[in-house]
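I begin with the overall order of elements and then turn to the helix packing.

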Amino acid sequence: MKLFSKITLAVFIITIVFTAIQFPNLPSEVPSHYNIMGEADAWANKWFIFFIPFLGIGLWLLLGQVEKFLEFINMPNDGEPLNAAQQQNSIFMLHTLRNEVLLFMSLLTLKEVLTSIGYPISLGIWEFVIFIGVLTVTLIWFIVKNQKLKAA
């Protein structure tokens, strides 16, 4: 569990360092919104480039706090309290989701920096599909595992 967090934080730090190094090379306006096809359709001041990574780290820190309070983790269990194995599964699920979100935010930031300096990278609609797909698979995986742990 801790290795995933270390890798996630390393990617995040590399993203912030890369963004800071490239900041002087950025145009005065950077993409602030993309349409469904992944094309920039709104622009903001170049300082906006730091919005997504700081939103990501904010979510990462917030979800880290939620991990500590099991009453906020609502896993389906037919109204019964979670057993110890289910509680650990729920914590691991939230831990995994928080790292996936920060990784995605880091990748979005890298995409915006590269697009702004003239190396556009776009998977179009697939960026959204991949992100939602990863989160959905993660949730389903842990919910199914929770049901198996209930029976055990």
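1. In what order do the elements of the chain run from the N terminus on? They run α-β-β-α-α-α, and the secondary structure comes to 4 helices and 2 strands. Please keep in mind throughout that this is a predicted model. Along its principal axes, the C-alpha trace of the chain spans about 55 × 30 × 20 Å.

2. Helix α3 covers residues 84-116, and with its 33 residues it reaches 48 Å from its first C-alpha to its last, which is close to the 48 Å expected at 1.5 Å a residue. After α3 comes Gly-118, which has a positive phi, near 105 degrees.

3. Helix α1, residues 2-22, approaches α3 so that the two axes come within 9 Å and cross at roughly 20 degrees. Angles under 35 degrees count as roughly parallel, and α1 and α3 are therefore roughly parallel to each other; the crossing in which α1 passes α3 is left-handed. On the α1 side the contact is made by Phe-4, Ser-5, Thr-8, Leu-9, Val-11, Phe-12, Thr-15, Phe-18, Thr-19 and Gln-22, while α3 contributes residues including His-95, Asn-99, Glu-100, Leu-103, Ser-106, Leu-110 and Leu-114. By class, the residues of this contact of α1 with α3 divide into 10 nonpolar, 10 polar and 1 charged.

4. Helix α2, residues 51-66, also packs against α3, with axes that come within 9 Å and cross at roughly 175 degrees. Since angles over 145 degrees count as roughly antiparallel, α2 and α3 are therefore roughly antiparallel to each other. Among the α2 residues that make the contact are Ile-52, Leu-55, Ile-57, Leu-59, Trp-60, Leu-63 and Val-66, and among those of α3 are Leu-94, Arg-98, Val-101, Leu-102, Met-105, Leu-108 and Glu-112. The residues of the contact of α2 with α3 divide into 13 nonpolar, 4 polar and 2 charged.

5. How are α1 and α2 arranged, parallel or antiparallel to each other? They pack at an angle of about 160 degrees with their axes 11 Å apart, and are therefore roughly antiparallel; their crossing is left-handed. Here Ser-5, Thr-8, Leu-9, Phe-12 and Ile-16 in α1 meet Pro-53, Ile-57 and Trp-60 in α2. This contact of α1 with α2 has 6 nonpolar, 2 polar and no charged residues.

6. The model counts 7 aromatic pairs, and one of them is formed by Phe-23 and Trp-47, a tilted pair with 4.5 Å centre to centre and 50 degrees between the planes. Phe-23 lies in the loop between α1 and β1 (29-34), and Trp-47 in the loop between β2 (40-45) and α2, so the pair ties together parts that are 24 residues apart in sequence.

7. Which residues does Thr-115 contact, leaving aside its neighbours within four places in sequence? Thr-115, which has its place in helix α3, is in contact with Pro-31, Tyr-34, Pro-120 and Ile-121. The C-alpha atoms of Thr-115 and Ala-42 are separated by 13 Å, although these residues are 73 residues apart along the chain.

Definitions and conventions. Residues are numbered from 1 along each chain as its sequence is written. This is a predicted model: local features need pLDDT of at least 70, side-chain atom pairs count only at pLDDT 80 or more; totals for chains, interfaces and linings use all residues. Side-chain values use heavy atoms; hydrogens and water are left out. Axes are lines fitted to C-alpha atoms, for helices over the stretch in contact, and angles run from 0 to 180 degrees between N-to-C directions. Angles under 35 degrees count as roughly parallel, over 145 as roughly antiparallel, 65 to 115 as roughly perpendicular and the rest as oblique. A crossing is left-handed if the near helix is turned anticlockwise from the far one by less than a right angle, and right-handed if clockwise. Contact means heavy atoms within 4.5 Å. Ala, Val, Leu, Ile, Met, Phe, Trp, Tyr, Cys and Pro count as nonpolar, Asp, Glu, Lys and Arg as charged, and the others, Gly among them, as polar. The expected span of a helix is 1.5 Å times one less than its number of residues. Rings of Phe, Tyr and Trp (its six-membered ring) pair if their centres lie within 6.5 Å; planes under 30 degrees apart count as stacked, over 60 as edge-to-face and the rest as tilted.
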